[in-house]
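Please follow each point on the model as you go.

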Amino acid sequence: MREVAIIGFGQTVFGKFPERSISDLGAEAVRAALKDAGVPPKEIQAAYASRLFVDLITGQTILRDVGITDIEVTNVENACAGGGTAVRGLWKDIAAGYCDIGIAVGVESMTTSPIAGKLIPPAKDDVDGMLGMTQPAVFAMHARRLMETRGATREDFAQVAVKSHHAASLNPYAQHGKEVTVEQVLGSRMVCDPITVFQCCPNTDGAAAVIMCSMDVARRYTTQPVRVRASVLLSADYNFKKTEMATFEVQRKAAAKAYEMAGLGPQDLNVVEVHDAFAPEELMHYEDLGLCKPGEMISLLRSGATSLGGRVPVNPSGGLQSLGHPLSASGVRNVGEIVQHLRGRAGKRQVAGAKVGLAQMLGGNAIGLETGACSIHIMSV
Amino acid sequence: MSQTQNFQDGLFEIEGDSIRLIGSKCKSCGRVVYPAAKSCLDCCHEEVEPLKLSSTGKLYTYTTVHMPIPHFPPPFNLGSLELPEGLSVFASIAEGTELKVGLPVRLVPAVLWREGETDVVGYRIAAT
């Protein structure tokens with residue numbers, strides 16, 4: 001197994017752009033990533049593309065617009081974890097020596113998808129779905145368990161949204177880049193108690209891409225390759241195997257594997273990006289990733305450790321909540337965000353001196369399962 | 001006189017003002033799941049048998065939904081209840097039920113929505 005490097009990242013501005021096609025969004029991210037890496041398009045040997053609500057052969061149509069054809073292209077889906085899955089697939093191919101350099105791209109046009117303005121529908125035969133289950137309701141029920149077992153308050157959940165919007169105000173790519181206060185968050189429209197609309201990710205169109213290669217190839221292009229220290233993708237187990245809803249077992253297992261692969265622990269992390277489609281869930285990830293001891297998610301939040309300027313900022317990009325959430329793009333985008341911090345290129349939101357970072361993505365919901373998939377990548381310089 | 005139909009057949013049996021969900025139990029390891037499975041999801045043994053679940057349990061978590069979704073005009077309550085057989089079941093919560101984690105609750109038959117002249121019947125959570 002070879003060491004894999006990330007040498008380029010590109011993303012589109014996130015927002016509502018129904019007039020932009022999937023290939024338009026995707027190609028912009030791909031071009032930006034290639035330019036960032038200094039890699040000519042014809043050097044790309046393989047690609048993974050992730051998308052959910054899009055037509056066939058997405059990867060090929062995006063790459064067609066950049067002059068890349070005649071290579072191995074794989075299109076993948078894993079709900080919100082699709083982007084992380086694309087990165088994982090490319091990592092495996094390079095690590096195993098199937099190719100030396102490739103591109104992972106994630107894209108989504110939520111505003112032109114069948115679910116524009118609506119909720120992700122459950123499967124037709126999903127009994128919970130028929131009885132009124134939706135994504136916001138699931139996370140609201142998780143939030144209630146955090147209130148019950150961790151002493152989480154509504155103000156704590158609102159604080160996560162305030163932190164997220166503040167970070168997004170420093171991110172030129174953000175969809176919701178305006179600061180908000182706890183009062184504004186709590187006073188915004190209630191969606192599923194205790195989650196208010198300012199605590200929910202928006203409908204977003206966007207794309208993100210990363211260029212990954214073997215370390216040998218990386219040294220041809222940069223003196224500052226970002227090393228991928230761990231790459232993990234794991235699917236969840238049955239709900240009946242869990243005793244507490246306030247945790248994601250799949251994430252705990254994935255994190256343990258990732259730390260072992262990387263040969264480091266959560267205390268070594270300088271910057272973290274996680275799935276924060278709804279504000280309360282970010283707190284669950286603090287414990288599941290080992291950023292704090294079990295039971296201490298609220299203390300960690302309230303200490304400011306996960307805010308910009310804190311010991312381990314979480315979602316310095318503004319996250320899914322405020323930067324935006326084009327579903328299959330997010331898992332690529334947040335790997336790229338960590339890369340930016342490690343290279344000192346994260347602009348006003350830069351986490352000073354970041355040397356080690358972790359990007360996590362979760363996705364999917366179906367009756368009987370804890371969730372769908374969890375991907376974790378750890379990177380360092 | 002309205003017609004009635006179950007929101008999905010084979011999931012439950014109504015017994016007076018109670019409702020028993022029909023899960024399945026593994027003949028080898030005893031794992032109980034709902035909805036019923038065709039083989040054991042835990043040990044993969046091929047033989048499972050139907051099992052009518054208890055209709056009483058404890059409220060595990062809940063939320064009040066304020067957004068419109070098909071068949072359920074807001075605001076309405078949703079939650080999950082823990083059954084003694086070792087599984088949780090999700091359902092809407094009857095109006096007036098106290099929203100408190102740990103509350104003893106039971107599953108009751110309910111008209112969930114109407115389709116034309118037909119009452120669509122299912123289950124919801126109510127206080128005992």
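Which side chains of chain B and chain A meet in a salt bridge?

1. The model is a predicted one, and the pair to look for is B:Asp42 and A:Lys241, whose side chains form a salt bridge with a distance of 3.8 Å from N to O.

2. A:Asp237 forms a salt bridge with A:Lys241, and here the closest N and O atoms are 3.4 Å apart. At 28% relative accessibility A:Asp237 is partly exposed, and A:Lys241, at 43%, is partly exposed as well. Through shared partners, salt bridges join A:Asp237, A:Lys241, B:Arg31 and B:Asp42 into one network.

3. Turning to the interface as a whole, 29 residues of chain B are in contact with 26 residues of chain A. The area buried between the two chains is about 2400 Å², and carbon and sulfur atoms give 68% of that area. B:Tyr60, B:Met67 and B:Phe90 supply 27% of the area that chain B buries against chain A, which is more than any other three residues supply.

4. Polar contacts are present too, with a count of 8 residue pairs between chain B and chain A. On the side of chain B that touches chain A, the elements giving two or more residues are β6, β7, β8 and β9 of chain B, and β6(B) gives the most, with 6 residues. By class, this side of chain B has 18 nonpolar, 9 polar and 2 charged residues.

5. Within chain A, helix α3 covers residues 82–95 and reaches 20 Å from its first C-alpha to its last, close to the 20 Å expected. Because 13 of its 14 residues are buried, α3(A) is largely enclosed by the rest of the structure. Just after this helix, A:Gly97 takes a positive phi of about 85°.

6. Two salt bridges within single chains deserve a look. A:Arg2 and A:Asp100 form one with their closest N and O atoms 3.0 Å apart; this pair links distant parts of the chain, 98 residues apart, with A:Arg2 in the segment before β1 and A:Asp100 in the loop between α3 and β4 of chain A. In chain B, B:Lys52 and B:Glu15 form another, also at 3.0 Å. B:Lys52 lies in strand β5 and B:Glu15 in strand β2 of chain B, so the bridge ties together parts that are 37 residues apart in sequence.

How values were computed
Residues are numbered from 1 along each chain as its sequence is written. Chains are lettered from A and ligands numbered from 1 in the order in which they are written. This is a predicted model: local features need pLDDT of at least 70, side-chain atom pairs count only at pLDDT 80 or more; totals for chains, interfaces and linings use all residues. Side-chain values use heavy atoms; hydrogens and water are left out. Contact means heavy atoms within 4.5 Å. Buried area is the accessible area (1.4 Å probe) that two parts lose on being put together, summed over both. A salt bridge is a side-chain nitrogen of Lys or Arg within 4 Å of a carboxyl oxygen of Asp or Glu. A polar contact is a pair of N or O atoms within 3.5 Å; within protein, one must be able to donate a hydrogen and the other to accept it, and residues adjacent in sequence count only if both atoms are side-chain atoms. Helices (H or I, at least four residues) and strands (E, at least two) are DSSP runs, numbered from the N terminus. Ala, Val, Leu, Ile, Met, Phe, Trp, Tyr, Cys and Pro count as nonpolar, Asp, Glu, Lys and Arg as charged, and the others, Gly among them, as polar. The expected span of a helix is 1.5 Å times one less than its number of residues. Buried means under 20% relative accessible area, exposed over 50%, partly exposed in between (1.4 Å probe, protein chains only).
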